[in-house]
Amino acid sequence: MQPPIRIGLVGVGKIARDQHIPCIAAHSEFKLLAVASRHNVIEGVASYSSLEQMLAGAPELDAVAICTPPQVHYEAAKLVLGSGRHVLMEKPPCASLGQLDNLVRLAKASGCSLYQTWHSQHARAVEPALRLLEQRKVRRVHITWKEDVRRWHPGQEWLWQPGGFGVFDPGMNALSILTKLISEPIYPQTAQLFVPANRSAPIAAEIELRTDSGIEIHASFDFRETGPQRWNIDLDTDGDAMHLSAGGGHLTLGEQPVPADPGSLDAEYAAIYRRFYDLIARGESDVDTRPLQLVSDIFLVAKQIPVQSFEY
Ligand code: NAP
């Protein structure tokens, strides 16, 4: 049996605690050796106050999971790749496509694996939806991604700062499923971004997109949803309508629920760590730039509309 991959983690916030740390503990192929955090220590794990200190202080590390906000992903990934370790990076990848392209180049040059994760692509109903679409032609797509920012992102000021993406932080999850389901290029036609007067990033967005073959896509993102939380993708096809809900966790075809694959009952992050292990074993990287490309294109065509200030 291969020795476990000795992994460090930078940024001990919500996603690190909710998913990465428990997931690493549950996978015998990985061992959490160290964390880098400005404010936190994890019991039983070497804790450093910066990434630089962790890389220098734990020379036996094989890999690092980057769980910080996107504004600081690029510098962190550069440091880790430069030190000869593999990188697993949370979404959204970086503050720009240029940064992501350069990380791909640096990973290749270093011989290390770079895995840009999109956790929603591993949601249980996404693969079954993809298979159903092999026999169907999509005509229209309607995305509704509406959640309460106070409930899901309490106090996360970075979301509202430049490079934080605002409502596109969760909205990009929908776009990552969309680009997985629709392989042809997708182009935004119009977009309205609703930006609070006291913030730099949108709190809501209405977007029209198209493909060359004529698929019409509408996306509606909103951080102000206090009622039922909705993470839905509806696909009109030349057959029965498909309805993905719960962020890609459930699928219905017409009125009928489509069961998930028996082998795919794992949570999204378990699939992510399995994939990271395989990539390292094969000496490969996996970077899907399409969701960030789409967001970047949306911002290029968008009209910004000022709305009421937002406070937590
Ligand atoms: P968070 O709770 O705010 O945690 C981020 C952590 O990163 C902070 O606690 C902080 O940890 C560290 N950090 C380093 N530089 C920072 C900076 N300049 N500003 C703020 N924090 C900084 O955020 P999160 O929800 O874990 O999200 C982190 C990443 O995971 C984001 O890219 C997000 O999109 C992604 N993600 C989040 C979720 C979710 O449900 N929350 C789901 C999927 C993906 P230290 O104090 O330890 O340094």
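Student: Which residue of E10 stands opposite Ile207?

Tutor: Happy to start there, keeping in mind that this is a predicted model. Seven antiparallel bridges join E9 to strand E10, residues 216-222. Within this pairing, the residue of E10 opposite Ile207 is Ala219.

Student: Which residue in the turn between E9 and E10 has a positive phi?

Tutor: E9 and E10 form a hairpin, and four residues lie between the two strands.

Student: Is Asp222 buried or exposed?

Tutor: Asp222 lies in strand E10. Beyond residues up to four places away in sequence, Asp222 touches Trp145, Lys146, Glu147, Val167, Ile203 and Ala204. The cut-off for a buried residue is under 20% relative accessible area. Asp222 has 14% relative accessibility, so Asp222 counts as buried.

Student: Let's turn to the cysteines. How many disulfides does a search of the whole structure find?

Tutor: A disulfide here needs two cysteine sulfur atoms within 2.5 Å. With that cut-off, the number found in a search of the whole structure is zero.

Student: Which cysteine sulfur is nearest to that of Cys67, and how far away is it?

Tutor: Cys67 is buried, with a relative accessible area of 9%. Cys67 takes part in no disulfide. The nearest cysteine sulfur belongs to Cys23, at a distance of 11 Å.

Student: And which cysteine has the sulfur nearest to Cys112?

Tutor: Cys112 counts as buried at 9% relative accessibility. Cys112 is in no disulfide either, and the nearest cysteine sulfur is 16 Å away. That sulfur is the one of Cys94.

Student: Now the helices: at what angle do H1 and H8 pack, and what does that make H1 relative to H8?

Tutor: Helix H1 spans residues 14-26 and helix H8 spans residues 268-282, with their axes 9 Å apart. The packing angle is about 55 degrees. Therefore H1 is, relative to H8, oblique.

Student: Is the crossing of H1 and H8 left-handed or right-handed, and which residues of H8 make the contact?

Tutor: The crossing of H1 and H8 is right-handed. On the H1 side, the contact is made by Ile15, Gln19, His20, Cys23 and Ile24. The H8 side contributes Tyr269, Ala270 and Tyr273.

Technical notes. Residues numbered from 1 in each chain as written. Predicted model: local features only at pLDDT ≥ 70, side-chain atom pairs only at ≥ 80, totals over all residues. Heavy atoms only, no water. Buried < 20%, exposed > 50% of the residue type's maximum accessible area, 1.4 Å probe, protein only. Pairing = 2+ DSSP bridges. Contact = heavy atoms within 4.5 Å. Axes fitted to C-alpha atoms, helices over the stretch in contact; angles between N-to-C directions. Parallel < 35°, antiparallel > 145°, perpendicular 65-115°, else oblique. Left-handed = near helix turned anticlockwise from the far one by under 90°.
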